[in-house]
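Q: Please look over the model below, and then let us go through what some of its labels rest on.

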Amino acid sequence: MRNPEDLGDMSELRAEVDVTDRALSALLGHRARLISRAAALKEGNGWPARIDDRVDEVIGNARANAETDGYDPALAEVIWRELVEWSIRREQTALGRE
């Protein structure tokens, strides 16, 4: 990743935004595959898709990471809550518990 201060014009900045968006998309795809594996493991253990303590932990981690990474923890919470809820719905479908 390039330092934003090293980007001299909007063309360079937009190109870096596109590179960053591609990297984010690849990470989200990896996370989705992890959720599929989580569903398989939960099925084997008889666990539910939603585990409230884990949801709280993930959201807390997202807020702390945002603070460390220099962006608004409230924004991180909104994004991660949506991501977590999507993940839970995906697990529930995989577990046949819609």
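A: To begin with the classes, Ala, Val, Leu, Ile, Met, Phe, Trp, Tyr, Cys and Pro count as nonpolar, Asp, Glu, Lys and Arg as charged, and the others, Gly among them, as polar. By these classes, the lining of the largest pocket has 19 nonpolar, four polar and six charged residues. The model is a predicted one, in which local features need pLDDT of at least 70 and side-chain atom pairs count only at pLDDT 80 or more, while totals for chains, interfaces and linings use all residues. Residues are numbered from 1 along each chain as its sequence is written, and side-chain values use heavy atoms, with hydrogens and water left out.

Q: What makes a residue part of the lining of a pocket?
A: On a 1 Å grid over the protein atoms alone, a pocket is an open set of points with protein on both sides within 12 Å along at least five of seven lines, whereas a cavity is a set where a 1.4 Å probe fits but cannot get out; a lining residue has an atom within 4 Å of a point. The largest pocket is lined by 29 residues, and L28, R31, V58, W80 and L83 lie nearest its centre. Two or more lining residues come from each of α1, α2 (52-69) and α3 (73-94), these helices being DSSP runs of H or I with at least four residues, numbered from the N terminus.

Q: Why is K42 called buried?
A: Buried means under 20% relative accessible area, exposed over 50%, and partly exposed in between, with a 1.4 Å probe and protein chains only. K42 has 12% relative accessibility and therefore counts as buried.

Q: Why is E91 called buried?
A: The relative accessible area of E91 is 5%, so E91 is buried; this residue lies in helix α3, whereas K42 is found in helix α1 (residues 10-45).

Q: How do you know that the side chains of K42 and E91 make a polar contact?
A: A polar contact is a pair of N or O atoms within 3.5 Å, where within protein one must be able to donate a hydrogen and the other to accept it, and residues adjacent in sequence count only if both atoms are side-chain atoms. The K42 and E91 side chains are joined by such a contact, at 2.6 Å.
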